[in-house]
Amino acid sequence: MNVTENPFTPSFGEIPAHLAGRNQIIESHSRALQSTRRRPELTTLFSGTRGTGKTALLSYLAEVAEQSGWIVVNITALPGMLDDAEIQLRRKAAHLAEDDSKLAVKSLSVPDVISPSIEGTEAQTNWRSRVSDLIEQLNNQNTGVLFTVDEIDPSLGEMIQLAAFYQHFVRENRKVALFMAGLPHNISSLLNDKTVSFLRRATHETLGRIPDGEVSAALEKTIRDDNRTIDAEALAEATQAIGGFPYMLQLVGYYAWDENPEALNLGTSEVANGIATAQREMTYRVLDATLAELSPGDLRFAIAMLQDEGDSRIADIAVRLGRSSSVVAQYRKRLIEAGVIGRRTRGIVGFDLPYFREYLQEKQENGELYLED
Ligand SMILES: Nc1ncnc2c1ncn2[C@@H]1O[C@H](COP(=O)(O)OP(=O)(O)OP(=O)(O)O)[C@@H](O)[C@H]1O
Ligand SMILES: [Mg+2]
């Protein structure tokens with residue numbers, strides 16, 4: 001038989017064949033983009049840990065926006081982002097230009113913007129007025145402008161400036177939208193920045209674990225769309241190994257698919273081998289990076305949780321660490337923001353990042369954890 005191409009997308013940022021568990025967000029945001037009135041979803045912050053699908057969702061929503069007649073400017077929070085946004089906007093607006101000379105891509109005069117102050121220099125003010133003019137022209141033709149900003153970095157002055165300029169555009173009644181995505185701790189420090197306090201009133205979507213039912217439906221559909229099948233038992237095992245984590249869904253699907261590409265059906269042995277490879281990739285790409293970002297205090301908290309078979313009581317952790325409950329509460333908060341643990345019920349937390357417990361256990365047994373302050 002013909003071997004079909006592998007339909008899974010285990011690379012970062014690619015829009016998967018089926019976006020599992022994001023229906024509600026897609027519906028509400030599509031409605032907002034298609035509405036003639038301004039809806040709150042037009043300003044949204046998406047937060048989620050590595051591999052939860054922030055970039056994929058931003059790309060997907062950017063496509064929805066373009067299909068709904070918006071011009072979309074996609075930027076990553078890096079130095080030079082304001083320049084980049086203006087250049088993209090000019091390019092994408094060129095075909096709608098009333099006056100080509102105004103819209104042509106010229107060399108720009110935005111210098112490196114270092115100061116986080118929004119009052120700023122003349123060049124920064126110019127950015128705002130130039131872009132405001134462009135947006136006005138586009139709005140006159142009933143075209144809105146959506147800015148998507150990935151990998152939010154609140155320490156970047158330009159990032160804060162973009163948000164502040166955006167607020168001006170909204171106040172000027174422009175048809176504009178802003179979707180920003182980032183790691184939870186970056187989103188929460190952005191929300192603490194007083195210059196952009198309006199963002200606290202923005203829509204906030206947390207991309208968490210996807211329910212098993214939706215994981216298994218997305219896996220099966222992806223496989224079926226490409227004319228193969230999967231056993232019920234194999235599907236259940238794959239779903240369990242995925243643990244609601246979007247990146248893992250793609251990894252397990254991808255490696256199970258490649259195990260025996262000539263066979264029409266994916267059985268338990270293909271899936272078991274696929275899971276094993278997927279777990280190695282997950283360690284390399286997600287778990288190591290997450291561990292590297294934990295402070296010694298966070299790490300001690302997580303290690304103290306290993307003593308429990310399942311979920312842990314915060315009160316027990318405080319005793320094990322010999323720290324006050326307010327100090328322990330800070331570690332708890334940081335670990336939740338890092339996506340490592342999640343709150344179960346009052347006073348109870350458990351590991352949320354798939355395989356992190358096993359990973360930590362192994363590291364601890366091998367004496368590979370360094371806890372000095
Ligand atoms: N809802 C989803 N259902 C299935 N697969 C998904 C979903 N969202 C993302 N993916 C897949 O998961 C992987 C990770 O997605 P993505 O790169 O968007 O994550 P991210 O949150 O941006 O990660 P990072 O923080 O590292 O940038 C990609 O392979 C993507 O195709
Ligand atoms: Mg990303």
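1. Gly69 is partly exposed, its relative accessible area being 37%. That value falls in the intermediate class because buried requires under 20% and exposed over 50%. It should be kept in mind throughout that the model is predicted.

2. As to its setting, Gly69 sits in the loop that connects helix 2 (54–67) with strand 2. When neighbours within four places in sequence are set aside, Gly69 is in contact with Thr143 and Gly144. In the case of Thr143, a separation of 74 residues in sequence accompanies a C-alpha to C-alpha distance of 6.2 Å.

3. Which strand pairs with strand 2 (residues 71–76)? The partner is strand 3, and the two run in the parallel sense over six bridges. Within this pairing, Ile75 stands opposite Val149 of strand 3.

4. Strand 3 also pairs with strand 4 (residues 176–182), again in the parallel sense, here over five bridges. Val145 has Val176 in strand 4 as its bridge partner.

5. Is strand 3 (residues 145–150) mostly covered or mostly open? It is mostly covered, with six of its six residues buried. In a regular strand, side chains alternate between the two faces of the sheet. For strand 3, Val145, Phe147 and Val149 are buried on one side, and Leu146, Thr148 and Asp150 are buried on the other, so that both faces are covered, by the criterion of under 20% relative accessible area.

6. Turning to the whole protein, there are 15 helices and ten strands. Of the 373 residues, 49% count as buried. Among contacts between residues at least 6 apart in sequence, 73% join residues at least 24 apart.

7. The overall dimensions may be stated briefly. The C-alpha trace spans about 65 × 65 × 35 Å along its principal axes. The radius of gyration is 23 Å, which agrees with the value near 21 Å that a compact globule of 373 residues would have.

8. Two surface and charge figures complete the note. The protein exposes about 17900 Å², of which carbon and sulfur atoms supply 46%. Its side chains include 38 positive and 52 negative ones, and the centres of these two sets lie 9 Å apart.

How values were computed. Residues are numbered from 1 along each chain as its sequence is written. Chains are lettered from A and ligands numbered from 1 in the order in which they are written. This is a predicted model: local features need pLDDT of at least 70, side-chain atom pairs count only at pLDDT 80 or more; totals for chains, interfaces and linings use all residues. Side-chain values use heavy atoms; hydrogens and water are left out. Helices (H or I, at least four residues) and strands (E, at least two) are DSSP runs, numbered from the N terminus. The radius of gyration is taken over C-alpha atoms; the globule rule is 2.2 Å times the number of residues to the power 0.38. Buried means under 20% relative accessible area, exposed over 50%, partly exposed in between (1.4 Å probe, protein chains only). Contact means heavy atoms within 4.5 Å. Accessible areas come from the Shrake-Rupley method with a 1.4 Å probe; for residues, only the protein chains shown count as cover. Lys and Arg count as positive and Asp and Glu as negative; His and the chain ends are not counted. The place of a charge is taken as NZ of Lys, CZ of Arg, CG of Asp or CD of Glu. Two strands pair if DSSP finds at least two bridges between them.
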